[in-house]
Every structure is written in C-alpha cells, then in structure tokens.
Amino acid sequence: MGSCSTWAWQELLVLLSSVWLWVGSGQPTPPGSTHTPGPQLKFRLAGYPRKHNEGRIEVFYNDEWGTICDDDFTLANAHVLCRHLGFVAATGWAHSAKYGKGIGRIWLDNVNCAGGEKSIGDCKHRGWGNSDCSHEEDAGVICKDERIPGFKDSNVIETEQSHVEEVRLRSVVSGARRQLPVTEGIVEVRYKDGWAQICDEGWDSQNSRVVCGMMGFPAEKKVNRNFYKLASKSQPKKKRREDVGSKKRLFTERQQLNYRLHSVSCTGTEVHLSMCAFEFYRGNTSAACGAGMPAVVSCVPGPLFATGNAHKKKQRQQQQSQPRIRLKGGAKVGEGRVEVLKSSEWGTICDDRWNLLSASVVCRELGFGSAREALTGARMGQGTGPIHMNEVQCLGTEKTLWSCPFKNITQEDCKHTEDAAVRCNIPYMGYETLIRLSGGRSRFEGRVEVAVGAGDGDQPRWGLVCGEGWGTLEAMVACRQLGLGFANHGLQETWYWDASNVTEMVLSGVKCAGHEMSLSHCQHHGTSLNCRNTGTRFAAGVICSETASDLLLHAPLVQETAYIEDRPLHMLYCAAEENCLSSSARLANWPYGHRRLLRFSSQIHNNGRADFRPKAGRHSWVWHECHRHYHSMDIFTHYDILTPNGTKVAEGHKASFCLEDTECEEDVAKRYECANFGEQGITVGCWDLYRHDIDCQWIDITDVKPGNYILQVVINPNFEVAESDFTNNAMKCNCKYDGHRIWVHSCHIGDALSEEANKRFEQYPGQLNNQIS
C-alpha cells in the first residue's frame, strides 16, 4: 500500500542496481564482541547485472569506499573476500570490470593471498591506496551460495530484497498456440519464490525498449493495451466471465496480481531494468496500481528469429545490402569479435573505452537485443587485417556503430590483442530442451539424443542420431544447441558411451553447414530414416569445448615468396610417392625431364583461444620412409589453381608432417616441437612455417597454359579438426602466368573483403565468398 520514494533509495538503486552487503571484518561476530584497534574494514558487492552472491568487490577503508584492482588476482584472494562477505568460499572471480566500473579510490593492487588469511589486509599487496590501475580493471568475485553459520550482517541496508535480477515476458496466449520466441506479454520480475508485476503508470516506449533488449529483441512496438485490460484486474472468478470468454479466449489464467515495482523510468539505453530509476511497493500491495494495470511489452524480433512473412521480408532486405558489421569467433549466436567494413575491407575495433552502450548498438544493429557483456582483450580471439576504430563512445541511441564518435588509429595505438567483442541478449528459443548427451564422463561429452514429436503439447520421444556422415560441422551445431561452446570432436561410433536406455534411431542423414542454431535446421532425412547401421554403437556423439583454435594463413608471405622452379624428376621420387605431383607425372620419362612447380611459403597462425592439435594421436601417425617423418594429418592444406570461371586446372596438397611452433608472439612460449617424435600442434599466438624450399610446398603447374588464374590455399580443408571459424581458412590470390614467369598479387584471406570487392577480384559468378566445395 505504501511506497518508498525517497531520493536516497532511488539513487542507491540506480547506481548499484543491487543490494549492497556491508559486513565487518569477515568473521562471525557474537553479540557484544569488540573490534580490534585499527581502520574499520567493510565490504560490499556492487555492479550489474548480477546475482546476490557475485559482483564487483568494494572495500570501505579510511572512511571511503573503493575497489580492488584485478592485477595478479587469484581464486585465493576471492576466498578471503567471500568470507568477509559471509559466504563459506569463492567459486570464481572476474576481471576487467565485468560488473561495471566503480568510482572513487582503488584501495588495493597486486593482492596476493594464500587463501587462509582472516582479513584481506593480512595478504601481500602494494599498500593501501597505492595502485597504477584504472576502474576498467576492477575485480569481482563469485561466492559459493552458502552462508557461514552464525555470520551476522551488521550493516545490511535492508532485510527485504531490493534489487531486480531476473525479468521475463509472460505470454497470455494459450499453450497450444504459443510460439517461441515470446515477443509480447506481461513484464514480470522475480520476487522471492515467484514472479511479480510492474505497475504501468507512467510506462513508456523507453521502458519497453529496455525490456525488449533484455529479452533479445532489437526494438519495441506499440502494444494494444485494451487487449489486456480484462485479464489484468483482480476479480472474482464468476464476475464478467462471459465477457472474458467471448472476447478473450486466449487468456488461460486469472490470478491475483502481485505488484512489486512502480514509477519505472528508463532512458532507453540501459542494458538491464535494474539500471533504470524505479520504486518498490512496500508492505500490503493488494490495493496497489489502482489506476493502472500490469506493464505489457511488445517486441520486434530480428531477422534470425522472425517467423512467417515478416521473416521473408527481412531476409530480402538483408540480401539487398551487405551489412557493415559482423561477429566472428563466437560459439553461440549473438556473440563474437566485432568486425566492421570500411573501404571494402573488414577490420576490428580496439577495446579502448569499449563499454555496454557501444556493445548494445552493435547487438541491436545485428538484430539482437542489448549487450549482455562488452568484452575486451581479444576474448573472442584475435582478428586480422586493419583495426578500423578506437575509443568508440556511443550514447546508446544510435542505429549503427558508424554513427558513434570514434577515433581513427595508427598501428602504434592498438594491436589485435585488444580486439573488442560482445555477447548479446538473444531470444529464448528452447532449442536446448530438444537435445541432450548421455554416457559421457562429463557434461561436455556423450552420445547425442534428440527429442522428436514434441509439438502441440505432446510428450517428446527421445532417440539417437545415425553416425553415418556425422562430422565436425554437425558436432559444432550440436554443441551450440546444447549451449556447450565449440565442438572438439564429432564421433560416428559411441559404443563406449552405452549408458542410456534410449536405443531407437530417429534421425539420419544430418548434414550441417556449421552455422545453424539447431540440428533440426540442418538437412536430414526427416521421417524417412535411412541408416545402414542402426545399432546403438553407431549413434553419433560429440565432445564439446568452451574454446577452439582458429587457423589462418599469412597472405602477404605467399605473395612475397611465390616463384617458379623447373625441378628435375630424379629429385622428385619422394614427392611422387606422397602424390604431390599432378597425374601426368606418372607418364613422364623418369628420371629424365623435369616438372614445373609454383613454390611459395606458408605461415599458418593460430589466432583462436585453444591450441590446434591434430585429430589423430601419436599412436596412429603414419611413418613415411622416403621423407623419414610422421604424418599427423594426411591432408592439412589444399593448393589449387583456378581459372576465372572457377575450373580447377592444377592442384596440390600438403600433409602435416610436422605441426610445430616455429615462432610465437612476444610473451608466448613454444609448446610443440617435432624433434624426437615430439607432440605436434600450434599454440595460441604462435605460427607454423612451411618454407618454400621443402618438398610438396608447391603446385605442379607443368600442364597449365599461360593465362590469368586464381591461386587458392585452404587450411584444414576437410574440417578434420574443429575451429571457432572456418570462413577464414581460405586464402586467394590473383596470378598471371605467361609461360615463363608468374606474377602473384592481391592475396587476401577469403572473408577479408566485402562481397562487392570479392566479385571484382574473382570476376566470375558461382564461387561465393570462401565457400569451398
């Protein structure tokens, strides 16, 4: 009935969006105890969006609140701080101001705890107030949601929940007709063990925009408020039932309303409702919101999530003009490294001043909701090519990132280790409820089981996926649908995971492109099951991983090192044994004569977030006596010469006889070396160099006539090893061959240019940007 409307409370909620937990020195304090002399320490959790047991850690020292820098921060530090806050331990910690930047002093830096200290002041650190950090480095903690027995919160702001964590849209359409995503409904906030409504008095489109952004939608639209009025009133069940039955049969329940918030006032740029100004109802709310009704919101879905005619219209609009922004390297839809198109070339954004406002402009421009996270430090892998923008400072209202103020940069300003990335809010589609794993040693692996026949309220029937043709691309989609990141392996046999009572094969012929959100979006046989081996041992399985490698070729080096060599046949016996020459070489007059070879160096970088390892372990590597080395991958790279109409006129391939770290970036240590039958792979931040003067590092062009051609190099062409991004695995060059010399120019990664620039480069239709067949 009453409401708390003081400016102090409102300001507190807007700034912190959460309850702050103030406690003493971190140990249970029995009544009447005395504190030891010295500065009184208090601690609190702050920031957004967060749960009650996580947040930016703030410490009260010398009569002033301040933060702790994340330099050298460890889980042991978090343990000590969580005990200060009354929790038994920490489960994690966060860096780079994940919960927002604090204000005021940065009290502690380079904190180094063993984990058993009674106070953070007992840990090693640089001294109170001695820091070289900015608030962009504020540390956060995630505490185990278990309180220390007997712990007293001596400075709790209030005993009632006074923050907004979880928000949902409750559709009032009956279950049989309800479709995902839910784009319209009553806005509800989590309160205690249930949900509560928001009074719509003063509710406007800016508030709706914030809610839609949280739900994963880029925009809001006007809602028919009268449609909801009959259902919104708390009324006896018998009263006005005929009216409701005749005009509002879509409504399925009449419930006593429980209002929690009122006077919500957003600017429209907030990424979470908790950042808006609002007030709580206190005490008995039975007569609350007398002149209003529950807030109702209607959202406009982005092209990926639109259905019906709207979907087709948006797809046509997208095809007419190429977007000038994209996300790369993310495991899930709506996350990735931000790349922008400038002067027909894709480039990245430096993370200086990168924040949620700018990230939200990116997300909405791409058809998602507001940003959930603004990531810095190349958290989604490093890009290549130019860095187009720096110090982007959006207001949050811009339609496109290019409308935001930013600085052009020089190479000295930023490196790709500072590439900005985002995680966007996306609509809930329920795809993860239609797939599960069984039999694995952890939740990241197992035999794939899918639900079929789950429509119209029927109970789903679980079954297996045929392993025939199942590979890395299909596994990528399965892991994405499961919410488990990237695929590490796609397995065609899973006899060792035979732990489930599900034995029926229900899906076969699955063939994915790799970008789909669900296996149901891939090609498959439908209800016409066609699987030669239907036994459970031949069911498909996956091993998922939160990170993945990302290989790409250093294009300029190919251009700089390309040349022609006429090599005598008597020097090519080993190369012929490994099929590194064209088929006509078999008809040559061995050992007399020669083959004309286009030679070049390949420098292959791993710009991902996990080491690139060959699919086969050392026990199954193949020894080649002639060259006297092991092959860890039979085909690691394809080399092709294409005519302007796309016809292949010459080809070569390179086996990975030695995947190792030739060189690495500064501060990155080499891990893989082939000598003495060592482990093979490419570490993140390192590259493997295949020099132009080693066997098979060529294309046999003996039979190629003079003319204009395209040189194409494709790494990991058969998708044998999972990567975060396969679209950058191809490199293309123009080359002009006059019968004696060759000129290789305009080398670039396959997805580095705009569609228009690629058409100009290729000069023929039919070969889409980096679609290798």
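Leu304 sits in the loop between strand E14 (296-300) and helix H6 (308-320), where helices (H or I, at least four residues) and strands (E, at least two) are DSSP runs numbered from the N terminus. The model is a predicted one, so local features need pLDDT of at least 70 and side-chain atom pairs count only at pLDDT 80 or more, while totals for chains, interfaces and linings use all residues. Residues are numbered from 1 along each chain as its sequence is written, and side-chain values use heavy atoms, with hydrogens and water left out.

Leu304 and Phe368 are 64 residues apart in sequence, yet their C-alpha atoms are 8.6 Å apart in space.

Helix H7 (residues 356-365) is mostly covered, with eight of its ten residues buried; buried means under 20% relative accessible area, exposed over 50%, and partly exposed in between (1.4 Å probe, protein chains only). The buried set in H7 is Leu356, Ser358, Ala359, Ser360, Val361, Val362, Cys363 and Arg364. The cover over these residues includes H3, E11, strand E15 (325-328), strand E16 (335-342), strand E18 (371-375) and strand E20 (421-424). As for the helix ends, a side-chain oxygen of Asn355 comes to within 3.2 Å of the backbone nitrogen of Leu357 at the start of H7, and Gly367, with a positive phi near 95 degrees, follows H7.

Next, the nonpolar cores. A core here is a set of buried Ala, Val, Leu, Ile, Met, Phe, Trp, Tyr and Cys residues joined through side-chain atoms within 4.5 Å. The largest has 37 residues, and Phe600, Phe636, Ile641, Leu711 and Met731 have the most contacts inside it. Two or more residues each come from strand E27 (551-553), helix H9 (555-561), strand E33 (633-642), strand E36 (686-690), strand E38 (707-715), strand E39 (730-737) and strand E40 (742-749). Apart from this core lies another, of 28 residues, including Ile325, Val333, Val361 and Val422. Beyond its neighbours within four places in sequence, Leu711 touches Val558, Leu598, Phe600, Asp640, Ile641, Ile699, Met731, Lys732, Cys733, Cys735 and Val744. In soluble globular proteins, nonpolar side chains tend to be buried together.

On the charged side, the count comes to 36 salt bridges, each a side-chain nitrogen of Lys or Arg within 4 Å of a carboxyl oxygen of Asp or Glu. Arg168 pairs with Glu188, the closest N and O atoms being 2.6 Å apart. This pair links distant parts of the chain, with Arg168 in strand E8 (residues 167-170) and Glu188 in strand E9 (residues 184-191), 20 residues apart. Arg168 is partly exposed at 28% relative accessible area, whereas Glu188 is buried at 1%.

Arg225 forms a salt bridge with Asp200, at 2.7 Å between the closest N and O atoms. Here both partners are in loops: Arg225 between strand E11 (219-221) and helix H4 (226-232), Asp200 between strand E10 (194-198) and helix H3 (205-214), 25 residues apart. Arg225 is partly exposed at 35% relative accessibility, while Asp200 is buried at 10%.

Arg599 and Glu565 also meet in a salt bridge (2.6 Å, N to O). The two residues, 34 apart, lie in strand E29 (residues 594-599) and strand E28 (residues 563-568), respectively, and both are buried. Finally, a network of salt bridges links Arg326, Lys328, Arg337, Glu339, Asp725 and Asp751.

Note on methods
Contact means heavy atoms within 4.5 Å. A polar contact is a pair of N or O atoms within 3.5 Å; within protein, one must be able to donate a hydrogen and the other to accept it, and residues adjacent in sequence count only if both atoms are side-chain atoms.
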